[in-house]
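Subject: Structure for you to look at

Hello,

Here is the structure I said I would pass on. Please open it first; my notes on what was found follow below.

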Amino acid sequence: MIAFEMLIWPRKKFRRFKLGKTRVWMRWHIWIGLAVGPVGVMHSGYHWGGPLTTVLMVLFIGVIASGIWGLALQQVLPQVLLNEFPNETIEGQSDAVMAFHQSEAITMRDRLPAGDPDTTSLLDVDLMNYLQAGNKSRSRFISQRESEQLFIQLARQFVANPGEIARLKTMCDDRRRYDRQARIHGWLHNWFCVHVPLSVALCVVLVFHIVTALKYW
Ligand code: HEM
């Protein structure tokens, strides 16, 4: 059963050979993956055994749990992406889009009269860093609530430039949306970095388990 579970990997790599439909492979992968849990527990005789079999069991639980987690994410997150970002920028291009907006942001900023040093730092450092690096910056604009407050403050300070402040705010909101979109894409893909290495480790330990068991018998 585990060998079958692993076959999904080469199957994906050799997709061009048309080795059956992805949907069918996936359905079998899920059901056999779920069935292998109770079968493994019965096979163990309800004991953890020695260190090798305990490691094997922990990996086994990890693979099945991460598979269920990934499947749940794959059911929920694509819909969230579709609902929240129907016309959104392609993931991975948001930095390029924001770099494009950067020059506009600088123009907007230059139209504002010189403010006090705090405001200058807020606009030239915090705001610009946020537009450029989003969540990776240490900007005060990362928090939506704080950002709203800061823009209220800026709107009061630059009453003669409502258009510029509104545009800068829109750009910040766009940056926040792109970051959220990237985070969701991260969730959608990162579980794989648990499921696949654990599966490989499971197979390696399983080979040791089989060899030891055959020697013992
Ligand atoms: C011993 C049990 C299992 C093993 C050895 C295993 C192994 C693997 C491997 C190696 C892949 C990677 C294939 C690729 O690169 O595309 C994969 C993908 C996947 N597995 Fe498992 N798996 C197991 C159990 C499960 C279970 C129980 C579930 C869910 C209930 C599950 C859900 C998935 C999903 C959703 C994918 C992603 C397929 C895709 O989107 O391309 N797996 N599994």
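A polar contact is a pair of N or O atoms within 3.5 Å. Bear in mind that this is a predicted model.

The ligand: 24 residues surround it, and the closest are Trp9, Lys12, His29, Gln74 and His195. An oxygen atom of the ligand is 3.0 Å from an N or O atom in the side chain of Gln74. For His29, a side-chain N or O atom is 2.8 Å from a nitrogen atom of the ligand. His195 has a polar side-chain atom 2.7 Å from a nitrogen atom of the ligand.

The surface: Trp9 also belongs to a nonpolar patch with Leu52, Val200, Val204 and Phe208, and together they have about 430 Å² of accessible area. Helix α8 (residues 192-216) gives the most to this patch, with three residues. Val200 lies in helix α8 and counts as partly exposed because its relative accessibility is 32%, between the limits of 20% and 50%.

In one of them, Glu84 meets Arg180 at 2.7 Å, N to O. This pair links distant parts of the chain, with Glu84 in helix α3 (residues 51-84) and Arg180 in helix α7 (residues 162-190), 96 residues apart.

Arg176 and Asp173 form another, with their closest N and O atoms 3.3 Å apart. Both lie in helix α7, three residues apart, about one turn of the helix. Arg176 counts as buried because its relative accessibility is 14%, whereas Asp173, at 25%, counts as partly exposed. Glu148, Lys169, Asp173 and Arg176 are linked in a network of salt bridges.

Regards

Notes. Residues numbered from 1 in each chain as written. Predicted model: local features only at pLDDT ≥ 70, side-chain atom pairs only at ≥ 80, totals over all residues. Heavy atoms only, no water. Patch = residues over 30% accessible without salt bridge, like charges linked within 9 Å, V, L, I, M, F, W, Y side chains within 5 Å. Areas by Shrake-Rupley, 256 points an atom, 1.4 Å probe, with all protein chains shown as cover. Salt bridge = Lys/Arg side-chain N within 4 Å of Asp/Glu carboxyl O. Helix = DSSP H or I, 4+ residues; strand = E, 2+ residues; numbered from the N terminus. Buried < 20%, exposed > 50% of the residue type's maximum accessible area, 1.4 Å probe, protein only. Near = heavy atom within 4 Å. Polar contact = N/O pair within 3.5 Å; in protein donor to acceptor, adjacent residues only side chain to side chain.
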